[in-house]
Amino acid sequence: MSASLKRVIYVSERADTSNSDLQEIINSSRVNNPQKDITGCLVSGINSYLQLLEGPDAAVDELYRKISKDTRHTNIVILNEEVIDSRLFTSWSMRLDPFNNLMWSDEEINAGNFLNITATNALNIFTRIHEQGKSVF
Ligand SMILES: Cc1cc2nc3c(=O)[nH]c(=O)nc-3n(C[C@H](O)[C@H](O)[C@H](O)COP(=O)(O)O)c2cc1C
C-alpha cells in the first residue's frame, strides 16, 4: 500500500527581496524533491513566498521542517494542511511562478503581497496556476 498523500500550503516573508535566493531555492528543490516524491509550486511575490508542497505524508513533514528553519524567509504561516487523494502539480518537482506572470484580482495579490492572504485564496491561486498550465521554466 502506498503512503497517504498530503498537501501543505504556507506563506512566508522573504528575507531577500532581490531574486538571488530564488534560483538557489529552485535548484535545491529540483534536485531534492524528486528523491522524496515531492511535487509542488512556489509563487514569489514582492515581499513574500507562497508555496504548495505535496507528497507522501512523512516526506512533506520532513521537508516543511527543513524549510521552516531556512533563514531566507521568516514569519512562516501554514494556511492549509490536509490529506489529499491526488496531486495538483504531478509533473513538477517545484514549479516556479513569479507573481507578475498571473492575472489575479484581489488587491493584496495585485500588490504581490501574500502575507495576509486567506487559505481559500491561496488554494484558488494554485488551482488557477494548475489550470493555466503556464510557467516561465
Ligand atoms: C521559500 C522556500 C522554499 C523552499 N522549497 C524547497 C523545496 O521545495 N525543496 C527543497 O529541497 N528545499 C526547499 N527549500 C530549501 C530548504 O530550506 C533547504 O535549504 C534545502 O532543502 C537544503 O538542501 P541541501 O540539503 O540539498 O543543501 C526552500 C527554501 C525556501 C526559503
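Start with strand 2 (39–44) and strand 3 (48–56). They run antiparallel and are joined by 6 bridges. Helices (H or I, at least four residues) and strands (E, at least two) are DSSP runs, numbered from the N terminus. Select T39: opposite, in strand 3, stands E54.

Before moving on, note that the model is predicted: local features need pLDDT of at least 70, side-chain atom pairs count only at pLDDT 80 or more, and totals for chains, interfaces and linings use all residues. Residue numbers start from 1 along each chain as its sequence is written.

The open sheet has 5 strands in the order 4-1-3-2-5, with mixed pairing; two strands pair if DSSP finds at least two bridges between them. Strand 4 (73–84) and strand 5 are the edges, each pairing on one side only. From one strand to the next, the twist averages 15°.

Go to strand 5, residues 95–98. Strand 5 runs parallel to strand 2, with 4 bridges between them. Select C41, whose bridge partner in strand 5 is R95. R95 and D97 are on the covered face of strand 5, L96 and P98 on the uncovered one. In a regular strand, side chains alternate between the two faces of the sheet.

**The helix across it**

Select helix 4 (119–132). Helix 4 lies across strands 1, 2, 3, 4 and 5, at about 75° to strand 4. Axes are lines fitted to C-alpha atoms, for helices over the stretch in contact, and angles run from 0 to 180 degrees between N-to-C directions.

**The core**

Next, select I9, V11, C41, L50, A122, I125 and F126. Of the 20 residues in the largest nonpolar core, these touch the most other members. Such a core is a set of buried Ala, Val, Leu, Ile, Met, Phe, Trp, Tyr and Cys residues joined through C-beta atoms within 7 Å; buried means 20 or more other C-beta atoms within 10 Å of the residue's own, placed from the backbone. Strand 1 (5–14), strand 2, strand 3 and helix 4 each supply at least two core residues.

Centre on L50. Beyond its neighbours within four places in sequence, L50 is in contact (C-beta atoms within 7 Å) with V11, V43, G45, F114, I117, A122 and I125.

**The ligand**

Finish at the ligand. Its shell holds 15 residues, and S29, N32, Y49, D70 and R72 are the closest; a residue is near if its C-beta atom, placed from the backbone, lies within 6 Å. Helix 1 (20–35), strand 3 and helix 2 (57–68) each supply at least two. Helix 1 gives the largest share, 5 residues.

Notes: A residue is buried if 20 or more other C-beta atoms lie within 10 Å of its own, exposed if 12 or fewer, and partly exposed in between; C-beta atoms are placed from the backbone. Two residues are in contact if their C-beta atoms, placed from the backbone, lie within 7 Å.
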